[in-house]
Amino acid sequence: SKKSAVSRKQSSPPVLEFEGVFEGVRATFRVTCVMGHVFRLDFAEAYRDWDACDPVELWDAPLSRCVTSGAVARSLRESCAEADCLVLFLDCDREGEAIAFEVVEIAACRRVLRAKFSAVAPSDLARAMANLADPDERLAQAVSARQELDLRVGVAFTRYMTTRFRNKYAGLDASTLSYGPVQTPALNLVVEREDEIASFAAEPYWTLELKGASILAQRSKWTR
């Protein structure tokens, strides 16, 4: 905007406007943002109570999507209400592509384009605007699959472990034994390293130190 943007509203998330050129035509640009994912995935209401079902049922339990922030959803709808084109500047990775399609679903704009960029310098943004393309639904679907797996695996095993082991070990200091496809392997790496440190047996070792000009000269002669 070359510092010409003005705030359209003061509430969060912010909405800025400025005049510019889009596809060779004078246009009004309206810029706003989201805060992470616009939707979150969860189990249907009947399966959210731990005592309502066996953890194994969660593998096939129906899922539901709900808006993470009403304020963000309203801002997107209001900002795109009169727009001719929606340009998505979400992060250039699979997660960003997934959020981009969530924005598309909320905004319901007639035309949608995707910007690809790796920096936010003016030259990079101008290059991205000059090379707009269609968003990639396959990347978004990959994230959706990962989200469903994370939810089903994480919740099913968390509930199973917590109910099975909570009253069997007096030393447990957590009311919930959490399991996650990422956090659990990472925890295993930490535990393995801790075991290595705890079982380490010190052994004597020696080091060589060369001091003085004469010794350094001899070392130089030997290495030739």
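**Terms and their cut-offs**

Guide: Three strands form an open sheet in the order β1-β2-β3, with antiparallel pairing. This is a predicted model, in which local features need pLDDT of at least 70 and side-chain atom pairs count only at pLDDT 80 or more, while totals for chains, interfaces and linings use all residues. Residues are numbered from 1 along each chain as its sequence is written, and side-chain values use heavy atoms, with hydrogens and water left out.

Visitor: Why do β1 and β3 stand at the edges?

Guide: β1 (6–9) and β3 (25–31) each have a single partner strand, so one side of each lacks a neighbour in the sheet.

Visitor: What makes β1 and β2 a pair?

Guide: Two strands pair if DSSP finds at least two bridges between them. Three bridges join β1 to β2 (residues 15–22), so the two strands, which run antiparallel, meet that condition. Val6 has Glu17 in β2 as its bridge partner. The strands themselves are DSSP runs of E with at least two residues, whereas helices are runs of H or I with at least four, both numbered from the N terminus.

Visitor: Why is Lys3 called exposed?

Guide: Exposed means over 50% relative accessible area, buried under 20%, and partly exposed in between (1.4 Å probe, protein chains only). Lys3 has 86% relative accessibility and therefore counts as exposed. Lys3 is placed in the segment before β1.

Visitor: How do you know that Glu23 is exposed?

Guide: Its relative accessibility is 52%, so Glu23 counts as exposed. Glu23 lies in the loop between β2 and β3.

Visitor: How is the span of α2 set against the expected value?

Guide: The expected span is 1.5 Å times one less than the number of residues. Helix α2 (residues 94–107) has 14 residues and reaches 20 Å from its first C-alpha to its last, close to the 20 Å expected.

Visitor: What makes Asp93 a cap of α2?

Guide: A side-chain oxygen of Asp93 lies 3.3 Å from the backbone nitrogen of Glu95, at the N-terminal end of α2.

Definitions and conventions: A polar contact is a pair of N or O atoms within 3.5 Å; within protein, one must be able to donate a hydrogen and the other to accept it, and residues adjacent in sequence count only if both atoms are side-chain atoms.
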